[in-house]
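Please open the model in your viewer and keep the selection panel at hand. The stops below go from one selection to the next, with a note on what to look for at each.

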Amino acid sequence: MFRYTLARSGFGVLAFRRAYVLTRFAHSAPKNEYRPIKKVMVANRGEIAIRVFRACTELGIRTVAVYSEQDTGQMHRQKADEAYLIGKGLPPVAAYLHIPDIIKVAKDNGVDAIHPGYGFLSERAEFAQACSDAGVMFVGPSPETVRKMGDKVEARSLAMNAGVPVVPGTDAPISSLQEAQAFAQTYGFPIIFKAAYGGGGRGMRVVREYEELEENYQRAYSEALTAFGNGALFVEKFIEKPRHIEVQILGDKYGNVIHLYERDCSIQRRHQKVVEIAPAFQLDPHLRDRLHADAVNLARQVGYENAGTVEFLVDKHGKHYFIEVNSRLQVEHTVTEEITDVDLVHAQLHVCEGRSLPELGLKQDKIRVNGCAIQCRVTTEDPSRGFQPDTGRIEVFRSGEGMGIRLDSASAFQGAVISPHYDSLLVKVIASGKDLNTAASKMSRALAEFRVRGVKITWMSNAQSDLYSLFLCSYPGHVMVNGPTTPIPVKAKPSSTDPVVPPVTMGDPPVGFRDVLLRDGPEGFAKAVRAHKGLLLMDTTFRDAHQSLLATRVRTHDLKKISPFVSHNFSNLFSLENWGGATFDVAMRFLSECPWKRLQELRALIPNVPFQMLLRGANAVGYTNYPDNAVFKFCEVAKENGMDIFRVFDSLNYLPNMVLGMEAAGAAGGVVEAAISYTGDVSDPMRQKYSLEYYVKLADELVKAGTHILSIKDMAGLLKPEASKLLISALRDRFPDVPIHVHTHDTAGAGVAAMLACAEAGADVVDVAVDSMAGMTSQPSMGAMVACTKGTKLDTGIALEKVFDYSEYWEVARGLYAPFDCTATMKSGNADVYENEIPGGQYTNLHFQAHSMGLGNKFKEVKKAYAEANKLLGDLIKVTPSSKIVGDLAQFMVQNNLTRAEVEERADELSFPLSVVEFLQGYVGIPHGGFPEPFRSKVLKSLPRIDGRPGASLPPMDFKSLEEGLRATHGDDITPEDVMSAAMYPKVFQEFKEFTANFGPVDCLSTRLFLDGPKIAEEFEVELERGKILHIKALALGDLNKAGQREVFFELNGQLRSVLVKDTVAMKEMKFHPKAQKSIRGQVGAPMPGKVLEVKVKVGSKVEKGQPLCVLSAMKMETVVNSPMAGTIKAIHVTPDASLEGDDLILEIEE
């Protein structure tokens, strides 16, 4: 009853308003001409249909919508009083072009008038005639006028008769390519094809060269045929860079014609207007008057009635040329309405009924310009892909509003599905103000307020916070459906407790050793270190500690939190090791974050403590050899981003490799710390391959090469207290002025004792990790070293209570990484490291690998095999990558149940791991004492061998070419840091960029959410930046759809959001069109969703770069897919009429 009462009440108001309007006009209009309109059909869709419906409702007129089968969910259907299906079984566009269906619906439902909107049938004379024949009024000019104005050639002739200048062009529509060629030969290039029976940029192509003529003729003809039902074209001389000025006219049935001033529509893309301004700015007043006069004269000559637009081009000399008349309402009519206060749709309807312009108060002397208005068309097009139309569902929609802003839209709401079948216009934003600057500032503000996610749009908002919001649902949704993106070695779950950062004092942090470095340079810094009283510490918590204990998985998110505390309370640290080594590739590979961004952000938070990185000599931060210029460039970029100390080592202590790294670090302006990798036992007279004399001689070479600091890198924790005294004493005696830095691991549990012995023997710096991240395969305890030296000549000057606070943070933070914690499978260190010599980080990794391969119960055998493999390879220095080579051989031996003797005996027939073979070839360098023979010869047989430094023969890396390739693949936001990442790890960087393209930056997510995702009904917060916090709640997981996706629902800041996530497991069992892989050269993907119109090549065809391969159609626009390279067609994956999604594989080309 309540709903019925509302309906009756609404109809009463509508009837009263309509009665008032009719009474008011009944006394003034000639009775024989007046035909009141009670019901209007709009033969169109989208925002123009809604615009007309609103005007009708204001005038008390009932409304009727028509819709295609593809438009059943569109908003225009819901905005009308009645709605009817047309074109059943027809293609999407053809439905709105099917005149018999439209007329039948009108006749069957008592429609008085049909408004054509714009596009579709709006300029089809046969449609206007069909309306007239059916006794239904056509809201527009007469059929004859529509015919004259719709025929661009006849319109040109009429313009010339009216004395209006025109652009040189054909006198009639052309019917063949030969006619176009003849015109081009007469007038020269450039020329332009235009659809003879429609506008809006459809069927329009500019041709600048003869070679482009045939292809553009075919595309223009096909587009015009699809959009307007007639492919006829005419040709004009193309005027370069003109202004596009159009004059709004309005006429009635009594010969009255007025203009409502002009609009500047010069900002276009693909001949479609994007921004329109009224009135035209900086237009010569005399030219403005001539444009108005020519437009009105032309309209009067043809007896024009209703609304229309006369369009002109104005060249750089101020000469104007008539181009066409659009005998309909224009998309940009809104700006004219804003500056003249004339409702053009109201006027159209009244004129159609028989009212005269004077009766409507529309006299030329009464029309005034009031301020300025700008319209921007927001379309669903992807700027990063050449503005190709984009389709899909709008996940987020928030519009810009406020004073001076008008929005005309239809599908602009959350949940709307953008179809590939129609125009890509999403919403028209109209800003008005007292002048152009005011209107522009309002427009800029309104566009900045828009938030549209789910489909690409023609501009990107400058507000990063909402750019992340959809990503911050997409990634957790992906994890909820598919599980963690980073491999989880054990089933342990991250802790649900986040660490609490201890209090940090306000103000700037105290002066630290970095201030000395910045003031005095590397040499002065080294002198200050050597002159320092007491023992200096380097904290490895930010790198090697978590590399050893947590599989290098600690995220920047957790490092940043504790950084201010470190800066304020540990300013007297020698340095903070926080970068390089395995952290570089793992950041991209497993943590989906940029290693350079980590360095930049930590540098900003810790300005006073020097940063130290691990540089693998000629291998930089990789596992292979790089051209020399790549190593130099890497160090240069690292220094620019905040790195201070480069600890340079080589996995074999191969001097040429080390010297290259030292030179690169020095050239970059960094502190050079040459690190000698330690193995063996200098205190054991029975082990003389790596004797005390060996280390002193190597150190002598490094000091001669210019190192600022000398380092001992004890990567397996083999230094015993006695060996520490012998080695460091010998080095101190030999180099009294060179600072000595010692690095070790605590695998055997003797790390603190060994470091105290080193300090007593003269070491200036030793490495430690905070207590909760120390011990086992990590470094010795910071707290233990601070406590043991307190009050002695080695006092570190560090407050022990601050170490406790620091340790408490990491104790809780470590729980977040439980799936990677070595304690999941390893409960203690082991002194057997003195026998197997496995480096700390590798010890942890081997333990994990053994368990994952089902060899957990055989880890003791793996360790024994490691020692045997080391002997097979000649007793190597073991540190990445040489340690991996030994480890690969050890696991090979265990998996194949081979002894050392069996491997030696069968070396010529076994299939060894690639890393072992490449080592024996010389790709890593030359080990101390040479390669093991005859083992090497038996393995390599006839394979090539490398003599000398492996990277010496590599050609320089072309960074310019690399950057150009990256920009072509990923867009223009490629940085010098990105170039270096790609240079070091091409495939890893490619995968990282693909991840960020899909999910955006995820570094603001908490670690538990990143690793494990949220639980249903869990609420969490994400801080995008200071003062911007998103409140998110995971609501539900949807069922699997036909596309292999699940809808995941969230509540974001109180608003419902959902994302579609591909179920990777389910999709393996479903068949889908393959996607083009950007990383595979020659795979050509669809640049946009659409339909295949034509395939222009066959398998085996030879193609040139830029040659057309196929033609796609979407949103009434045709796109030619050109070949990205020269080659031969290897395979074709599409056929004509096939429907494609974006990036679907079209064909493959091989060089």
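Select arginine 328 together with glutamate 123, whose side chains are joined by a polar contact of 2.9 Å (a pair of N or O atoms within 3.5 Å, where within protein one must be able to donate a hydrogen and the other to accept it, and where residues adjacent in sequence count only if both atoms are side-chain atoms). This is a predicted model, in which local features need pLDDT of at least 70 and side-chain atom pairs count only at pLDDT 80 or more, while totals for chains, interfaces and linings use all residues. Residues are numbered from 1 along each chain as its sequence is written, and side-chain values use heavy atoms, with hydrogens and water left out.

Arg328 is the position at which UniProt, in an unreviewed entry, places the feature "active site"; UniProt positions are given in the numbering used here, feature names are shortened, and annotations may be inferred rather than shown by experiment. Arginine 328 lies in the loop between β13 and α12 (333–340), where helices (H or I, at least four residues) and strands (E, at least two) are DSSP runs numbered from the N terminus. With a relative accessible area of 8%, arginine 328 is buried (under 20% relative accessible area, with exposed meaning over 50% and partly exposed in between, for a 1.4 Å probe and protein chains only).

Next, colour the sheet to which β13 belongs. It is an open sheet of eight strands in the order β13-β12-β9-β10-β11-β14-β21-β19, with antiparallel pairing; two strands pair if DSSP finds at least two bridges between them. At its edges are β13 (320–326) and β19 (405–409), each of which pairs on one side only, and from one strand to the next the twist averages 25°. Helix α11 (residues 285–301) packs on this sheet, touching β9 (243–251), β10 (257–269), β12 (306–314) and β13, and its direction makes about 115° with that of β10; axes here are lines fitted to C-alpha atoms, for helices over the stretch in contact, and angles run from 0 to 180 degrees between N-to-C directions.

Within β9, pick leucine 250, which is buried with a relative accessible area of 0%. Apart from neighbours within four places in sequence, the contacts of leucine 250 (heavy atoms within 4.5 Å) include Val257, Ile258, Leu260, Ala347 and Leu357.

Now select Asp544, Lys713, His743 and His745, which UniProt lists for "binding site" in an unreviewed entry. Although these positions are spread over 202 residues of sequence, they cluster in space, with a largest C-alpha distance of 12.0 Å. Lysine 713 is in strand β28 (residues 709–713) and, at 4% relative accessibility, counts as buried; its contacts beyond four places in sequence include Arg647, Phe649, Tyr678 and His743. Histidine 745 sits in the loop between β29 (740–743) and α25 (751–761), also counts as buried at 4% relative accessibility, and is in contact with residues including Asp544, Asp714 and Gln779. The side chains of histidine 745 and histidine 743 are joined by a polar contact of 3.3 Å.

From Arg647, display strand β26 (residues 645–648), in which Ile645 and Arg647 point one way and Phe646 and Val648 the other way, all of them buried. Strand β25 (residues 611–615) runs parallel to β26 and is joined to it by four bridges, with glutamine 612 opposite isoleucine 645.

Finish at helix α26 (residues 782–789), and show its buried residues Met782, Gly783, Met785, Val786 and Thr789. Seen down the axis of α26, these fall within an arc of 165°, so they line one face of the helix; the arc is that of the directions from the helix axis to the C-beta atoms. Their cover includes β23 (536–539), α25, β30 (765–768) and α27 (800–816). At the start of α26, a side-chain oxygen of serine 781 comes within 3.3 Å of the backbone nitrogen of glycine 783, and just after the helix glycine 791 takes a positive phi of about 80°.
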